[in-house]
Amino acid sequence: MDTGLKAALRQAALAARAAGGDDAALTCHLIAALAPHRGRVLAGYWPMRGEADPRPAMAAHQGPVCLPVVIGPAQPLAFRAHGDRLEPGRFGTLHPPADSPLLRPEVLIVPLAGFDRSGHRLGYGGGFYDRTLARLRAEGAVVAIGLAYAAQEIRAIPAEATDQPLDLIVTDRGVILPQPEKSRGASAGTKLQP
Ligand SMILES: Nc1nc2c(c(=O)[nH]1)N(C=O)[C@@H](CNc1ccc(C(=O)N[C@@H](CCC(=O)O)C(=O)O)cc1)CN2
Ligand SMILES: Nc1ncnc2c1ncn2[C@@H]1O[C@H](COP(=O)(O)OP(=O)(O)OP(=O)(O)O)[C@@H](O)[C@H]1O
């Protein structure tokens, strides 16, 4: 269920995202965060609606790169190898065609509407990444790296039982290692709070 509070937080975070940020710095920080994962299968995403753009860092990755594909509502995402061709998918996304090999990502760049310093995230409310990370984590180790502009930070996102936390958050102002006790701290004076 999407509560009214979560919907309001999502709306505020998406408005902050629309203002954009320092894309060159964002790419630098993302490349640095991905460096330890050289050789691993990386899931990126094809940005839409003002999402922070992971494509330069995906191109710099030394290893296989894949993109998410929506299979259907309430299903985890599938991932197919990122080649030359993309085709339109559900919800305005672009994804590799059905003849691209399926890959199992070990590291995921996760698009964010909003995030907090505990590693909670907000997407578009479909629960796709929550379901996907739950499945992947049940099978083995995966690293989930959220990507957002710093302005998309929310003081505290209400947690739900099915929420899958982020292992790392990359913004245009640097890399954040999520720390459970910090999101509700007094220091976050300017964070989104409707
Ligand atoms: N760039 C990118 N690719 C991605 C995602 C993403 O968040 N970003 N996804 C991450 O999951 C998947 C696509 N999932 C999406 C899920 C919902 C909506 C969306 O527009 N939802 C509507 C409400 C839809 C409805 O219920 O009718 C909305 O936000 O208004 C978009 C993408 C896979 N690919
Ligand atoms: N593993 C799961 N099994 C069943 N339901 C789930 C699971 N993960 C998430 N959900 C449900 O999906 C719905 C949407 O979740 P949420 O609001 O966290 O989406 P989101 O994180 O914003 O979206 P997304 O993951 O697509 O970016 C919630 O109602 C949640 O209960």
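The shell around ligand 1 comprises 12 nonpolar, 1 polar and 2 charged residues (Ala, Val, Leu, Ile, Met, Phe, Trp, Tyr, Cys and Pro count as nonpolar, Asp, Glu, Lys and Arg as charged, and the others, Gly among them, as polar). The model is predicted: local features need pLDDT of at least 70 and side-chain atom pairs pLDDT 80 or more, while totals for chains, interfaces and linings use all residues. Residues are numbered from 1 along each chain as its sequence is written, chains are lettered from A and ligands numbered from 1 in the order written, and side-chain values use heavy atoms, without hydrogens and water.

Among the 15 residues around ligand 1, the nearest are Trp-46, Arg-49, Glu-51, Phe-91 and Tyr-124 (a residue is near if one of its heavy atoms lies within 4 Å). Polar contacts are pairs of N or O atoms within 3.5 Å. A polar side-chain atom of Glu-51 is 2.7 Å from a nitrogen atom of ligand 1, and a polar backbone atom of Trp-46 is 2.7 Å from a nitrogen atom of the ligand. An N or O atom in the Arg-49 side chain lies 2.6 Å from an oxygen atom of ligand 1. Of the 670 Å² of accessible area that ligand 1 has on its own, the protein covers 69% (Shrake-Rupley method, 1.4 Å probe).

The protein chain has 4 helices and 11 strands (DSSP runs of at least four residues, H or I, and at least two, E, respectively).

Terms used: A polar contact is a pair of N or O atoms within 3.5 Å; within protein, one must be able to donate a hydrogen and the other to accept it, and residues adjacent in sequence count only if both atoms are side-chain atoms.
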